[in-house]
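Welcome, and please have your viewer ready. We will go through this structure one selection at a time.

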Amino acid sequence: SLATQVRQRVSDALAAVRPQEASADPSPRPADWGDPMLRRSDRADFQANGMLALAKRLKTNPRELAGQVAAQVDAGDVLAEVEVSGPGFLNIAVTDAAITSNLAARAADDRLGVPYADAPGTTVIDYAQPNVAKEMHVGHLRSAVIGDSLVRVLEFSGETVVRRHHIGDWGTQFGMLIQYLDEHPHELDHGGAAGDGTSGEEAASNLNRLYKAARAVFDSDDAFKERARRRVVALQSGDPETRALWQRFVDESKLYFFSVFDKLDMEVRDADIVGESGYNDMLDETCELLEQAGVAVDSEGALCVFFDDIKGQDGQPVPLIVRKSDGGYGYAATDLSAIRDRVFHLKAQTLLYVVDHRQSLHFRMVFETARRMGWLADGDGSGDGAADGPVATATQLAFGTVLGKDGKPFKTRAGATVRLEDLLDEAIDRASAVVREKADKAVPPLTEEEIAERGAQVGIGAVKYADLSTSASRDYKFDLDQMVSLHGDTSVYLQYAYARIRSILRRAGDGARPAAHPELALEPAERALGLHVDGFAAVVAEAAEEYAPHKVAAYLYQLASLFTTFYEHCPVLKADTPAQVENRLFLSDLTARTLHTGMALLGIRTPERL
Ligand code: ARG
């Protein structure tokens, strides 16, 4: 990118002014010695303020140092002006030709010039993990949306990504469910022909009804309770009949999950669904290893791990319970086994968990336990430990709570949890209304079918974008009115910006094709747009590095805004010369491709026409 080239030129100049000072300070130079600390700036194209820090170390005047650097710097055909400003900054303007040629190089590349990461590895992303026989809630939505985007961002940067949907498909509640189904065998039958045509909605309501009914008997009938308990034992010991009944719950739930993921326009592959039950065969061994190493100890019959710094309100230590006193395994045993699987079998270097912040204590304890066992590396995994020690690190991307308009956790007016499908349907309805309203202004007008398809793309895009445009750790307000607004930082705005550019390109017809003309002088709005487009690679790298899709969202919003300004100030099809028409078409086309690629990283569609 241009930023890289400018940075290189300034840091070469910095290196060149150094020798004079070297004798004054014989200590070895730190690695960041010559870092010009370059950033984009509104006043010039770029600003470098690294001279301030360097002057401080050299105990010299920063303005003088900056002047020396400015005099040294090799402008080539990249830099138009290098000027000392303020206490010792450099304001740097690049040439119009450099901007256009750089963009031309991006345009020639399918990846828009986004390089692969230097040292890609394998990352397991644990996301989209609803629970069997239970309704999905807005928290599951967040995990799915953020996780899906991270899969895309990391894969785009060259990382090998293994997806793991750690669904809750194990536990004592299945005893009650299975026993009830055994006693009421037709409860999961479907109205239509079994197997096909079954809607996810029907599956969800079947499961709901069954759950409530089973619960009611369980709470009122002690004999049933006892039969349910025996089912838990039978399930854990692998009794085939019990297993088969359990499998029906899993299959029924998957019908429902897939209907929600489909509606979310999200690919979830069956093979990547490895729920808690998937680690069942490892649980005994995991406990043995923990016990042998002395990391877990017996406490009142339970197998526990203790931590110095984790205490309850009563001051008593809060342990991680790996095996309960009745011999049953819980959530922690499963997660510890999953770590072993992911590190030693899948050979991942990075484990990423996209899970609600309410589970942060759980993950803190699980990760610490795994570190004590040597399954995870100590510290940040920067590799300064023993050479043959574990290399994997684990991070929980702990996301915040979804709030209603009123700022309280998202609920229906009656206080019930909102059904995810209803929520998505409502978003699609609202979006369809927005699309419909503009639809007859489109030439040719959109058909009903197109309106429905675009409505879904806009509505689902709105839900995803609202989630992804705030940093994951923060709570966010689920406000459909705001989400489908055409103005402001919404996906709809970005989708319309994309569709508008595509329409300009269509109108250009065959007569004028996008083509870069580096010999042309650029208007300020063209420069601003071009420089921003050129920053795409840097933003993708940052988002991948920091697990921060919201940085891509912010970038895209600014991109669309800069395009709007450009389009207001610079006629495209009616530009002065044919070369200028081509160059502006080229800028428009590259903006559209960047929008499209960036939105795809967020899992959001960009319809060609809206
Ligand atoms: N199923 C869990 C829930 O609904 C989330 C699972 C998170 N992943 C994990 N490896 N524990 O809360």
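How many helices and how many strands does the secondary structure of the protein chain come to? Colour by secondary structure and you can look for 21 helices and 13 strands. Keep in mind along the way that this is a predicted model.

**The whole chain**

Start zoomed out. The C-alpha trace spans about 90 × 70 × 40 Å along its principal axes. The protein chain has 610 residues, and 42% of them count as buried. Among contacts with a separation of 6 or more, 72% are between residues 24 or more positions apart.

**Four domains**

Next, give each domain its own colour: select 2-94 for domain 1, 173-272 for domain 2, 276-399 for domain 3 and 420-601 for domain 4. Where the two touch, 5 residues of domain 2 are in contact with 4 residues of domain 4. On the domain 2 side, the touching residues comprise 2 nonpolar and 3 charged ones, with no polar residue.

**Leucine 103**

Move on to helix α5, residues 96-107, and pick out leucine 103 within it. Is leucine 103 buried or exposed? It is buried, because 26 other C-beta atoms lie within 10 Å, and the cut-off for a buried residue is 20 or more. To see some of its surroundings, select Ala516, Gly530, Val533, Asp534 and Leu590: leucine 103 is in contact with these, leaving aside its neighbours within four places in sequence.

**A three-stranded sheet**

Now find the open sheet of 3 strands, which runs in the order β7-β8-β9 with antiparallel pairing. Select β7 (297-299) and β9 (320-323): these stand at the edges, and each has a single partner strand, so one side of each is left without a neighbour in the sheet. From one strand to the next, the twist averages 50°. Strands of a sheet pair through backbone hydrogen bonds, so try displaying those bonds here. β7 pairs with β8 (residues 302-305) over 3 bridges. For a closer look, show aspartate 298, which stands opposite leucine 303 in β8.

**A stretch marked in UniProt**

For the last stop, select residues 130-140. An unreviewed UniProt entry places the feature "short sequence motif: 'HIGH' region" here. In the model, the span is 27% helix and 0% strand, and its end C-alpha atoms lie 6 Å apart.

Note on methods
Residues numbered from 1 in each chain as written. Predicted model: local features only at pLDDT ≥ 70, side-chain atom pairs only at ≥ 80, totals over all residues. Domains from an automatic or database assignment. Contact = placed C-beta atoms within 7 Å. Nonpolar A, V, L, I, M, F, W, Y, C, P; charged D, E, K, R; others polar. Helix = DSSP H or I, 4+ residues; strand = E, 2+ residues; numbered from the N terminus. Buried ≥ 20, exposed ≤ 12 C-beta atoms within 10 Å, placed from the backbone. Pairing = 2+ DSSP bridges. Axes fitted to C-alpha atoms, helices over the stretch in contact; angles between N-to-C directions. UniProt positions renumbered as here; feature names shortened; annotations may be inferred.
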